[in-house]
Amino acid sequence: MTWSTPPGSGPLADAHAQLSAAVAHLGYTDGIHQMLATPRREMLVSVPLRRDDGSIAVYSGFRVQHNFSRGPAKGGLRYSTAVDLDEVRALAMWMTWKCALVDVPYGGAKGGVAIDPRAHSHAELERVTRRYTSEILPIIGPEMDIPAPDFGTSEREMAWIMDTYSASVGHTVPGCVTGKPVSLGGSYGRAGATSRGVAHIAALAMASRGIDPKAASAAIQGFGKVGLGAARYLAGMGVTIRAVSDVDGAVFAHEGLDIARLVAHVERTGSVVGFDGGDPFEPRGVLTCDVDVVVPAAVEGVLTADNAGDVRASIVVEGANGPTTEAADAILAQSGVLVVPDILANAGGVVVSYFEWAQANQAYQWSERDVNDRLEERMERAWRDVSEYAAVHELSLRAAATALAVRRVSEAHQLRGLYP
Ligand code: NAD
């Protein structure tokens, strides 16, 4: 009987469709396909919280380890009410391909808690993070699975995870998380690594289309760790940032937003809304406004069959994971839009997470310059590998990136063999 991927729509269906295309291109058997598609380990936990007012709330927590054939599992921890098991499965699978593509010695994982972090106090988030960590403790650790920040979490949560893990084993283990504060053994350059990589890849994509960054414009959806940093780095290259959005709204200025002033406004108010250096804007319009480069840097599934045909940019650089649905991907390809896939575009974060883990294991700290130079080198190598493979096999960048990554993971499976 032919094995088939689960039906449905959403990030998991998109991830499976991408894997199926790669498997077909590589000519793998159903058995190999099924091994590559199936998570190695999944843990579902309940996370009870005593709220500040004394009441009790219970949240669902997840950790999915999709694959660890190439090394320990690696992936972020997400806090969002939209988190569910299928989303975490998709994100974990993408982490496997991302780690293989940039050739760091990890498999892929992802975690999540279905909670709105903005609706909780600092103390409540600390209790939730520590309880979630203690629940997943049996399957994490520097040689097993190493969490990092993602949507809704930051270096603050990583410090709490490190402390909870370390307290449980009786000694400090800096290698059990990445993306932690530099003063706790975090790496210089980690905080900005994802966005630095996004901007670097955007520059390479612009060069491939003969676009001069100083004459180019961009729009960015999401103004958190990835979007804000991408805006900064792109503006630093001379790109005019015309529009940005966050969960509360959007702001637009045809002549360009002053990113330093916008960041100061966001630090003061918590949102891009109300910024006096631009006009309020329809948030959905950010993806389809008249710019050269669009950077979705918020959530999955925002470029769909409904709006992909309206995209006016010639380049989409996926800062977020899974922002383009399968149907939108086909429409964008048809209209000649160059889509740089998430597993390539936003891999800078996991590259520097790997550097952080290596530094923790060596008890040695590299300089920021060293980290940034090595990051650029890895991103350029991955861009070259993917572009060349795409050209030789006449594939989209996404199909080429997925095929290259899947081939590397599959090689690891085959070399290790099937036990017993
Ligand atoms: P974050 O929590 O720091 O920021 C998220 C931003 O998106 C916020 O500005 C929020 O207001 C905004 N947002 C939320 N929903 C939105 C919506 N519907 N429309 C517009 N804006 C919306 O998260 P982050 O770390 O920047 O992650 C963003 C994306 O990048 C996620 O897909 C994440 O998986 C991916 N990513 C993050 C990293 C990392 O190192 N942080 C690495 C690789 C990929």
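This is a predicted model: local features need pLDDT of at least 70, side-chain atom pairs count only at pLDDT 80 or more; totals for chains, interfaces and linings use all residues.
1. Let's start with where the ligand sits. Domain 1 (40–173) and domain 2 (193–340) both contribute residues to the shell around the ligand, so the ligand lies between them. If you have the structure open, look there before anything else.

2. Which residues come nearest to the ligand? They are R78, D150, G152, T194 and N321, out of 21 residues around the ligand. By type, the shell splits into seven nonpolar, nine polar and five charged residues. Among secondary-structure elements, α7 (225–236) and β7 (240–246) each provide at least two residues of this shell.

3. At V247, a backbone N or O atom is 3.0 Å from a ligand oxygen. At G319, a polar backbone atom lies 3.5 Å from an oxygen atom of the ligand. R190 uses its side chain instead: an N or O atom there is 3.5 Å from a ligand oxygen. As for cover, the ligand on its own has 830 Å² of accessible area, and the protein covers 84% of that.

4. There is also a second largest pocket to look at, with a volume of about 410 Å³. Its lining is made of 21 residues, and D329, S396, L397, R398 and A399 are the closest to its centre. Two or more lining residues come from each of α1 (11–26), α9 (326–334), β12 (338–340) and α13 (397–416). The lining divides into twelve nonpolar, five polar and four charged residues.

5. Two backbone details deserve a look. Most residues other than glycine have a negative phi, and most peptide bonds are trans. D103 is not a glycine, yet its phi is positive, at about 55°. You will find D103 in the loop between α3 (85–101) and β4 (107–113).

6. The other detail is a peptide bond. Y419 and P420 are joined by a cis peptide bond, with omega about 5°. P420 belongs to the segment after α13, and α13 (397–416) is also one of the elements that line the second largest pocket.

Conventions. Residues are numbered from 1 along each chain as its sequence is written. Side-chain values use heavy atoms; hydrogens and water are left out. A residue is near a molecule or strand if one of its heavy atoms lies within 4 Å of it. A polar contact is a pair of N or O atoms within 3.5 Å; within protein, one must be able to donate a hydrogen and the other to accept it, and residues adjacent in sequence count only if both atoms are side-chain atoms. Accessible areas come from the Shrake-Rupley method with a 1.4 Å probe; for residues, only the protein chains shown count as cover. Helices (H or I, at least four residues) and strands (E, at least two) are DSSP runs, numbered from the N terminus. Ala, Val, Leu, Ile, Met, Phe, Trp, Tyr, Cys and Pro count as nonpolar, Asp, Glu, Lys and Arg as charged, and the others, Gly among them, as polar. Domain bounds come from an automatic or database domain assignment. On a 1 Å grid over the protein atoms alone, a cavity is a set of points where a 1.4 Å probe fits but cannot get out, and a pocket is an open set with protein on both sides within 12 Å along at least five of seven lines; lining residues have an atom within 4 Å of a point. Grid points are joined across faces, edges and corners, and a volume is the space filled by probe spheres set on the points.
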